[in-house]
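The following note is intended to accompany your reading of the model. Please keep the structure in view while working through the numbered points.

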Amino acid sequence: MITLENVSKSFGKNQVLKGIDLTVNKGEVVAILGPSGSGKTTLLRCINHLEKPNKGKIKIDNFQVDFSRASKAEILSLRQKTAMVFQQFNLFKNKTVVENVMEGLIVAKKLPKEEAFKKSVELLEKVGLGNKLNSYPVQLSGGQQQRVGIARALALNPEVILFDEPTSALDPELVGEVLSIIRKIAKEGITMIIVTHEMAFARDVANHVVFMDEGVIVEEGNPKEIFQYPKEERTIQFLKRFSEEEMYYI
Amino acid sequence: MKLDLSFIWTAFIQILPAIPNTLFITVVSVFIGFLIGTFSAIVRIYKVPFLSQIASGYVTVVRGTPMITHLLIIYYSLSMLLDSLAKNYHLPFNSASIPMMVFAIISFSITAGAYLSEVVRAGITSIERGQIEAAYSVGMTTTQALKRIIFPQAFAISLPNLSNTFIGMLHGSTLAFIVSVVDINAKAQIVASTNWKFFEAYIAAALIFWGITIVIEKMTSLLEKRFSVFSRGGVK
């Protein structure tokens, strides 16, 4: 179980997160929705400390970090318990596809090379890239790169995988292949927090939906509650743009 | 004016033994300069208190003064310092016993370090933030991320600038004659001093420098090819 407690973050005078509390159960798929600038990506980046929160706490099972006085060692173990899939993929450009997946296993998890290689090949086959092991990221399409990014995150066996708008930088044609992979791993019971604009996807895949605006969680609940019976005015207004029919197109 | 073509050839042959001196000074000082430059680039990028101010000061002072000045200052200050230390502590030691080449190498390393600091800094800062974030996200420490992800990419991007500095230092190393090191250029002077055919001797020296430079350019382009496997980008 992952618990966030009173997580706050300001960039200068601009308070982006205003004391967020959030609980994510094991195996749960949480979708975070909200307009641009609502703080959803910042919240995600605070979870693995790519953004340093000004205050707040995170608890993953028995491991707890107080952000206001986190040590280097604590940050490192927090990052080793989480993995991230980035909007811009961020594959290691100087590494081949298989090396990208192996990197965390060898360096952070201290796995022997052969074992890391075996595991990486398995995962790459799972995301349909078993034939691209020795390609470099520049030689792949966006969809393929993001699938490597997902394999890289899966390899670490993390407590939670954080997805930061995983399909926003993709051509519409390539969105499907990435979403279907995420859907596949969601079924395996891996805990995931997904920041997304893909409403139909969020509704189908998530067990829990969080709607954020202006640095606070406006409303949260199961997909049915949020999409069909939203209570807050702000949520209703935001979801209005995605009518039932449109959602099937997405 | 008559050009003695055959003496160009004679001079060429006689200058060849000076090549190792030139190459040794250049390679060693660029290597040490690269270490200094990398260190000062990192302390500046991470704004390490105290060290980053020293590094910035070092870069601006050294780049703001000619290479020949560095050599003269290092030569006079170091030898005076060593001699006075020896005198005060009664050490059986004398600055004259230090090979002249050492002064040249120390001075040129300092020069190269300042220029390379900027080259390395530009290389590192040109790598997008997402690369180190991805390294952090898989659980790497900053040192591991720099070593495994950032430096290899920065090196590939910096190759043209590194080779530029290397060639600059190769040609600049001719100043070593100031502290009576016999490099390619000094050797040309010596060769010509017997028959006053300076023009021919300098042409021979120029040909040798050009040859070495071409070799450096070829090596750079081979390296670039190797690295372009992953860093293909920009215009082409």
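1. In this predicted model, strand S3 (residues 29-33) of chain A and strand S8 (residues 192-195) of chain A run parallel and are joined by four bridges. One of the residues involved is Val29(A), whose bridge partner in S8(A) is Met192(A).

2. These two strands belong to an open sheet of six strands in chain A, with the order S6-S7-S8-S3-S9-S10 and mixed pairing. Strand S6 (82-85) and strand S10 (216-221) of chain A each have a single partner strand, so they form the edges and one side of each lacks a neighbour in the sheet. From one strand to the next, the twist averages 20°.

3. Helix H6 (residues 172-186) of chain A packs on this sheet, where it touches S3, strand S7 (160-164) and S8 of chain A. The direction of H6 makes about 155° with that of S8(A).

4. The buried residues of H4(A) include Ala116(A), Ser120(A), Val121(A), Leu123(A) and Leu124(A). They lie on the same side of H4(A) because they cover an arc of only 165° around the axis. Their cover includes helix H3 (97-107) and helix H5 (142-155) of chain A.

5. The face of H4(A) turned away from the buried side carries Glu114(A), Lys118(A), Glu122(A) and Glu125(A), which are exposed. Just after H4(A), Gly128(A) takes a positive phi of about 80°.

Terms used. Residues numbered from 1 in each chain as written. Chains lettered and ligands numbered in written order. Predicted model: local features only at pLDDT ≥ 70, side-chain atom pairs only at ≥ 80, totals over all residues. Heavy atoms only, no water. Buried < 20%, exposed > 50% of the residue type's maximum accessible area, 1.4 Å probe, protein only. Arc of directions from axis to C-beta. Contact = heavy atoms within 4.5 Å. Pairing = 2+ DSSP bridges. Axes fitted to C-alpha atoms, helices over the stretch in contact; angles between N-to-C directions.
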